[in-house]
Amino acid sequence: MRALVRDEAKGREFLVGDFDDPASIVAALAGVDRLFLNGAGAQPADGEQPMVRQQKSIIDAAVAAGVERVVKVSVWQAREGERLAGGAHWQIEQHLKASGLGWSILQPNGFMQNFITGQGSFTADGNLVGAYGDAAVSYIDCADIAACAAALLTGRAGDGETFLLSGPEALTYAQIAEKLSVALGRTVRYVNLTVDELIAALTAQGLPPQFAEDVAVLTQGLAGGIAAPTTTAVRDLTGHSPRTFDEFLAAHHGALTALASASRR
Ligand SMILES: NC(=O)c1ccc[n+]([C@@H]2O[C@H](COP(=O)([O-])OP(=O)(O)OC[C@H]3O[C@@H](n4cnc5c(N)ncnc54)[C@H](OP(=O)(O)O)[C@@H]3O)[C@@H](O)[C@H]2O)c1
């Protein structure tokens, strides 16, 4: 098993390559029979999301290299015409299904890791900010996504199947703020913004207006409960329950503390 990384420091068994460097992808796929396909999320790009071009060309290269099976990370309920990642992953999924390769698709819900990478949006005063209202999200730990991928890549189950992956519980942002308060030993509040306020906040951070609008509208769209269901897929594929948010916070206490204090400076 080997990984493709752009930075040597990030790998152990790895090849250095870039999705935008086709020769590096051809070299990486030599002798590969099963491929785990995971790449960047939505970018502030004009027109088509870069992931569509990148992942379609990797799938084509996998066909040429004689790869048997691809396990692809998509996004929760990828749909035709959806803004940003949802619509882009849907296009890639169609390309993979039509490629003739064996395939399994993982559609994970939001990553718990977003809360330690900065994507979970701490404000300058250390609170959480968003336009989620009372929407609940069954966030998942990436370690559980990886365990599902490993099970699919090392066995025969799941060929031609799409798996909706969730954590064990749906949490509102107010509930997440409570859990962060306990983990950090200080009060973290959830500050709910209107869509227009969130667009303004994101553009003030330097994001292009269209991207900011897409993010804000998608966030608000969760109010209908689309991201709240929990599924049994992690247990079905791995034999163990997905990690709870509390277990995740306990396992990543150092990273969470560092991010939360950096955002308050
Ligand atoms: N974050 C979420 O909540 C969430 C939820 C559901 C689904 N997803 C999907 O899951 C996938 C991963 O999301 P993420 O948030 O972890 O994305 P991310 O933080 O942008 O990480 C993407 C990974 O792809 C690598 N990558 C990016 N561009 C590359 C290139 N040109 N060549 C080679 N490698 C490249 C990055 O490598 P470097 O380390 O070199 O930058 C990084 O390891 C995305 O497709 C996203 O749509 C995300």
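Reply: Happy to! Arg-83 forms a salt bridge with Glu-213, with their closest N and O atoms 3.4 Å apart. Keep in mind that this is a predicted model.

Me: What makes the pair Arg-83 and Glu-213 a salt bridge?

Reply: The label asks for a side-chain nitrogen of Lys or Arg within 4 Å of a carboxyl oxygen of Asp or Glu. The closest N and O atoms of Arg-83 and Glu-213 are 3.4 Å apart, so the pair qualifies. Between domain 1 and domain 2 the count is two salt bridges.

Me: How do you know which residues of domain 1 supply the area buried against domain 2?

Reply: About 980 Å² is buried between the two domains, and carbon and sulfur atoms give 74% of that. Trp-76, Arg-83 and Leu-84 supply 60% of what domain 1 buries there, more than any other three residues.

**A residue in a loop**

Me: Why is Asn-109 called buried?

Reply: Buried means under 20% relative accessible area. Asn-109 has 6%, so it is called buried. You will find Asn-109 in the loop between β5 (102-108) and α4 (114-117). Residues that Asn-109 touches include Trp-76, Val-137 and Ala-227.

Me: What makes Asn-109 and Ala-227 a polar contact?

Reply: A polar atom of the Asn-109 side chain lies 2.8 Å from the backbone oxygen of Ala-227. The cut-off for a pair of N or O atoms is 3.5 Å, so this distance falls within it.

Technical notes:
Residues are numbered from 1 along each chain as its sequence is written. This is a predicted model: local features need pLDDT of at least 70, side-chain atom pairs count only at pLDDT 80 or more; totals for chains, interfaces and linings use all residues. Side-chain values use heavy atoms; hydrogens and water are left out. Buried area is the accessible area (1.4 Å probe) that two parts lose on being put together, summed over both. Helices (H or I, at least four residues) and strands (E, at least two) are DSSP runs, numbered from the N terminus. Buried means under 20% relative accessible area, exposed over 50%, partly exposed in between (1.4 Å probe, protein chains only). Contact means heavy atoms within 4.5 Å. A polar contact is a pair of N or O atoms within 3.5 Å; within protein, one must be able to donate a hydrogen and the other to accept it, and residues adjacent in sequence count only if both atoms are side-chain atoms. Lists of a residue's contacts leave out its neighbours within four places in sequence.
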